[in-house]
Amino acid sequence: MLETTIAGSLPKPFWLAETEKLWPEWRFQGEALEEAKRDAALVWLKEQESAGIDIVTDGEQFRQHFVHGFLEHIDGIDFAHKRRIGIRDNRYEANCPTVAGPIRRRRSVHGEEARFTRAHTRRKLKFTIPGPMTIVDTLADAYYNDRPRLAHAFARLINEEAKELEAIGVDVLQLDEPAFNAYPEETLEWGIAALERATDGLKIKTAVHICYGYGIKENIEWKRTLGREWRQYERFFPALAKSRIDQVSLECAGSRVPLPLLALLAGKDVMVGVIDVATDKIERPEEVCQTIKRALEFVPLARILPCTNCGMAPLARSTARAKLKALAAGAALARAELGGGVRRRRSETDPK
Ligand code: ZN
């Protein structure tokens with residue numbers, strides 16, 4: 001009950017890459033870099049386990065950025081010709097590689113990383129991949145010139161990769177779709193369909209992470225324009241509830257998402273964001289517990305997975321570590337208060 005997990009990313013240690021940046025430069029090249037990435041993943045696996053996180057990740061230590069990391073091994077993507085374009089409905093600008101021809105997955109993208117991570121933890125392992133709409137929104141397209149068509153082409157590649165990760169022993173495949181709430185109409189028209197195509201035939205748990213973004217300046221300013229209540233999710237949660245995706249995330253810590261929107265996800269597991277990634281302030285376990293209890297008004301206990309609001313990549317390492325501990329401690333407190341453990345033991349011994 002109340003298995004804890006994180007959205008995915010964790011800060012890169014100072015010896016691996018520049019710190020507190022979204023597109024950090026690596027400190028090394030070649031085999032030295034690969035070894036440093038593996039070391040960093042091991043550090044974060046241990047930190048998550050020590051903190052008491054139940055479903056762990058590699059902290060996305062192997063990729064420079066959560067979208068472009070996936071694209072580095074895809075044919076048809078030209079990294080030599082990056083263009084500065086507006087992304088997330090022009091919320092901010094990023095240097096994006098160009099789609100220059102038909103896209104093809106010429107080899108496994110994350111297989112080696114997943115195999116390495118799987119070999120070093122006995123906890124449930126979650127692996128994150130950007131979702132089709134978010135990939136399309138973080139690219140300059142000079143070939144397909146049709147967002148839904150490009151998204152479906154990516155969905156096919158993601159599906160190939162996902163099946164490989166499933167065979168390696170990944171327990172949860174999470175697709176990151178922060179673009180969904182920037183384009184609620186397109187999400188309904190083709191975003192969710194592409195997500196379903198990407199997860200087609202998988203037997204492991206599938207999750208989608210949607211959010212209002214990292215705690216960076218552009219996102220904080222954007223959130224100020226959204227009014228007293230953030231209701232973007234309301235448009236597409238009902239469609240997501242009907243989809244084949246098992247788990248959906250949303251921010252409940254320090255956000256203005258009205259919690260009754262959780263009720264629109266009936267039948268889904270909900271990764272309830274109880275840790276705000278837009279502040280360095282560390283949540284107290286009592287606050288985390290309180291957020292879990294507020295979500296409990298709209299989601300059954302068995303369906304709640306306490307989680308971070310979003311990735312912690314841009315935070316200081318010490319902040320991320322403290323927030324991992326707060327997340328696990330808060331969930332433990334909620335478990336104790338809600339008494340699930342005690343009740344379960346009693347019912348096991350009670351005569352029927
Ligand atoms: Zn996020």
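**Reading helices, sheets and cores**

Q: How do the axes of α6 and helix α8 (residues 232-242) lie: within what distance do they come, and at roughly what angle do they cross?
A: Two packed helices are described by the angle between their axes and the distance between the axes. Here the axes of α6 and α8 come within 9 Å, and the crossing is at roughly 20°. (Axes are lines fitted to C-alpha atoms, for helices over the stretch in contact; angles run from 0 to 180 degrees between N-to-C directions.) The two helices α6 and α8 are therefore roughly parallel, the word for angles under 35 degrees. On the α6 side the contact is made by P184, T187, L188 and I192, and on the α8 side by Q232, R235, F236, A239 and L240. (Contact means C-beta atoms, placed from the backbone, within 7 Å.)

Q: What should I know about the model and its numbering?
A: The model is predicted: local features need pLDDT of at least 70 and side-chain atom pairs pLDDT 80 or more, while totals for chains, interfaces and linings use all residues. Residues are numbered from 1 along each chain as its sequence is written. Helices (H or I, at least four residues) and strands (E, at least two) are DSSP runs, numbered from the N terminus.

Q: Which residues of α5 meet α6?
A: In α5 they are P148, A151, H152, A155, R156, I158, N159 and A162, and their partners in α6 are W190, A194, R197 and A198. The axes of α5 and α6 (residues 184-198) come within 7 Å and cross at roughly 25°. That angle makes α5 roughly parallel to α6.

Q: In what order do the seven strands of the open sheet stand?
A: The order is β1-β4-β6-β7-β8-β9-β10, with parallel pairing. (Strands pair if DSSP finds at least two bridges between them.) At the edges are β1 (55-56) and β10 (304-308), each pairing on one side only. Inside the sheet, β6 (residues 172-176) pairs with β7 (residues 205-209) over five bridges, and L175 stands opposite V208 in β7. Strand β9 (residues 269-275) and β10 also pair in the parallel sense over five bridges, with V272 opposite P306 in β10.

Q: Is β10 largely enclosed or largely open?
A: Five of the five residues of β10 are buried, so β10 is largely enclosed by the rest of the structure. (Buried means 20 or more other C-beta atoms within 10 Å of a residue's own, exposed 12 or fewer, partly exposed in between; C-beta atoms are placed from the backbone.)

Q: How is the open sheet of three strands built?
A: Its order is β2-β3-β5, and its pairing is mixed. The edges are β2 (74-87) and β5 (140-141), each with a single partner strand, so one side of each has no neighbour in the sheet. Between β2 and β3 (residues 92-105) there are nine bridges, in the antiparallel sense; I77 has V99 in β3 as its bridge partner. Helix α5 packs on this sheet, touching β2, β3 and β5, and its direction makes about 75° with that of β3.

Q: Which residues have the most contacts inside the largest nonpolar core?
A: They are F154, V270, V272, V274, I292 and L327, in a core of 100 residues. (A core joins buried Ala, Val, Leu, Ile, Met, Phe, Trp, Tyr and Cys through C-beta atoms within 7 Å.) Helix α5 (residues 147-168) gives the largest share of this core, ten residues. F154 touches I103, P132, I135 and V136, not counting residues up to four places away in sequence.

Q: What is the phi of R88 and of N90?
A: Most residues other than glycine have a negative phi. R88 has a positive phi of about 50°, and N90 has a positive phi of about 65°. R88 lies in the loop between β2 and β3, and N90 lies in that loop too. R88 has 19 C-beta neighbours inside 10 Å and so counts as partly exposed, while N90, with 9, counts as exposed.

Terms used: Two residues are in contact if their C-beta atoms, placed from the backbone, lie within 7 Å. Angles under 35 degrees count as roughly parallel, over 145 as roughly antiparallel, 65 to 115 as roughly perpendicular and the rest as oblique.
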